[in-house]
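Please keep the sequence and the 3D view open while reading.

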Amino acid sequence: MSPLYGGIEAGGTKFVCAIGSGPGAICAEARFPTTSPEETIQQAIAFFDEQHTLRRQPLAAIGIASFGPLDPNPDSPTFGHITSTPKPGWKNADLAGEIRRTLKVPVGFDTDVNGAALAERRWGAAQGLDTFLYLTIGTGIGGGGMVGGQLMHGLIHPEMGHIRLPHDRQADPFDGFCPYHGDCLEGLAAGPAIEQRWNARAETLPLEHPAWALEAHYLGLALSDFICMLSPQRIILGGGVMSQLHLFPLVRAKVQELLNGYVQSPRILEEIDAYIVPPALGAQAGVLGALALAEAAI
Ligand code: ADP
Ligand code: ZN
């Protein structure tokens with residue numbers, strides 16, 4: 001019998017809990033809104049308890065792919081905690097510890113984007129790669145991935161959504177909405193920035209709207225910086241905004257224009273369609289990320 005894993009996709013608006021072992025092998029799932037940490041964590045525990053009584057097989061591990069900022073360092077006293085979120089009640093919440101103590105299983109804990117990156121490597125668009133990025137462009141912008149076969153951690157974890165970009169205020173007078181930086185990448189290019197700048201949700205804007213060229217401009221600036229810094233073998237772009245697939249050719253062209261032939265790889269110069277790509281796991285990336293973190297925890 002192959003091992004069975006638990007996964008928690010812990011989002012700022014909803015939690016998705018699942019049992020399974022990979023794509024096409026998810027045998028139970030529950031979703032509920034993210035309320036207080038006490039209530040939400042208890043709901044997750046109740047789901048796994050119930051599943052445990054239904055199935056004879058115990059869970060080998062639980063993976064938690066979470067919103068952040070969080071502490072992913074197993075040697076830290078606050079490992080498993082959400083750290084500085086503005087989300088009411090969640091600052092310093094011990095998400096992984098509570099799950100591990102109550103359910104008595106090994107727990108893997110990382111950012112939602114590192115989880116999604118690991119799932120894409122295990123089953124999706126980053127198979128066989130050891131240095132790649134996964135970025136999500138949604139309510140916020142987050143980035144994770146691997147360097148040399150290791151998920152990116154360090155001081156804490158990367159905050160790729162908060163890099164600073166050139167911002168031509170004549171071309172784009174929008175101040176940006178990041179509460180910390182105003183016009184960082186997330187402040188200028190996440191879904192809410194599009195909505196606030198144009199007074200319409202991104203999903204309602206027509207293909208010919210100038211929003212898309214501007215969006216590709218900011219994403220292209222960010223990606224060309226990430227390429228120069230990390231030399232990724234591929235970049236996967238997910239999240240609600242990137243479900244506008246017409247953005248991909250715009251972003252690829254912008255990256256080529258900005259790099260201007262300097263990074264001498266055929267992957268950028270000739271095969272960029274296979275270099276900057278959508279996630280292969282689509283809407284399942286989050287929950288599969290949690291299962292991949294569980295698998296990696298043992
Ligand atoms: P979250 O980041 O909260 O997990 P999403 O990735 O769906 O969720 O991101 C939500 C943001 O993405 C919102 O700002 C929304 O306007 C935008 N968005 C969602 N779906 C689409 C779409 N099909 N086209 C463009 N923008 C979208
Ligand atoms: Zn910011």
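A polar contact is a pair of N or O atoms within 3.5 Å; within protein, one must be able to donate a hydrogen and the other to accept it, and residues adjacent in sequence count only if both atoms are side-chain atoms. One such contact runs from the side chain of Asp-168 to the backbone nitrogen of Gln-170, at 2.9 Å.

The model is predicted: local features need pLDDT of at least 70, side-chain atom pairs count only at pLDDT 80 or more, and totals for chains, interfaces and linings use all residues. Residues are numbered from 1 along each chain as its sequence is written, chains are lettered from A and ligands numbered from 1 in the order in which they are written, and side-chain values use heavy atoms, with hydrogens and water left out.

**Terms for the points below**

- Helices (H or I, at least four residues) and strands (E, at least two) are DSSP runs, numbered from the N terminus.
- Buried means under 20% relative accessible area, exposed over 50%, and partly exposed in between (1.4 Å probe, protein chains only).
- Contact means heavy atoms within 4.5 Å.

**Helix 2 and its surroundings**

- Helix 2 spans residues 95–103, and its buried residues are Leu-95, Ala-96, Gly-97, Ile-99 and Leu-103.
- These buried residues pack against strand 1 (5–10), strand 2 (14–22), helix 1 (37–54), strand 4 (61–66) and strand 5.
- The N-terminal end of helix 2 is capped by Asp-94, which has a side-chain oxygen 3.0 Å from the backbone nitrogen of Gly-97.
- Helix 1 and helix 2 have axes 10 Å apart and pack at an angle of about 35°; axes are lines fitted to C-alpha atoms, for helices over the stretch in contact, and angles run from 0 to 180 degrees between N-to-C directions.
- The crossing of helix 1 and helix 2 is right-handed; a crossing is left-handed if the near helix is turned anticlockwise from the far one by less than a right angle, and right-handed if clockwise.
- Helix 1 contributes Ile-41, Gln-42, Ala-44, Ile-45, Phe-48 and Asp-49 to this contact, and helix 2 contributes Leu-95, Glu-98, Ile-99, Thr-102 and Leu-103.
- The contact of helix 1 with helix 2 consists of 7 nonpolar, 2 polar and 2 charged residues; Ala, Val, Leu, Ile, Met, Phe, Trp, Tyr, Cys and Pro count as nonpolar, Asp, Glu, Lys and Arg as charged, and the others, Gly among them, as polar.

**Helix 6 against helix 7**

- Helix 6 (residues 210–230) and helix 7 (residues 247–259) have axes that come within 8 Å and cross at roughly 50°.
- The two helices, helix 6 and helix 7, are therefore oblique to each other; angles under 35 degrees count as roughly parallel, over 145 as roughly antiparallel, 65 to 115 as roughly perpendicular and the rest as oblique.
- Helix 6 and helix 7 make a right-handed crossing.
- Residues of helix 6 in the contact include Trp-212, Leu-219 and Ile-227, and those of helix 7 include Leu-250, Lys-254 and Leu-258.
- By class, the contact of helix 6 with helix 7 has 14 nonpolar, 3 polar and 2 charged residues.

**Two buried residues**

- Thr-111 lies in strand 5 (residues 107–111) and is buried, at 7% relative accessibility.
- The side chain of Thr-111 reaches the backbone nitrogen of Asn-114 at 3.0 Å.
- Beyond its neighbours within four places in sequence, Thr-111 contacts Ala-65, Ser-66, Leu-70 and His-157.
- Ile-194, in helix 5 (residues 191–198), is buried with a relative accessible area of 1%.
- Not counting residues up to four places away in sequence, Ile-194 touches several residues, among them Leu-205, Trp-212 and Val-241.

**Loops and backbone geometry**

- Most residues other than glycine have a negative phi, and most peptide bonds are trans.
- Gly-68 and Pro-69 are joined by a cis peptide bond, with omega about 0°; Pro-69 sits in the loop between strand 4 and helix 2.
- Asn-199 has a positive phi of about 55°, lies in the loop between helix 5 and helix 6, and is exposed at 71% relative accessible area.
- Ser-231 has a positive phi near 50°, lies in the loop between helix 6 and strand 9 (235–238), and is exposed at 54% relative accessibility.
- Asp-168 is in the loop between strand 8 (150–151) and helix 4 (185–189) and is partly exposed, with a relative accessible area of 47%.
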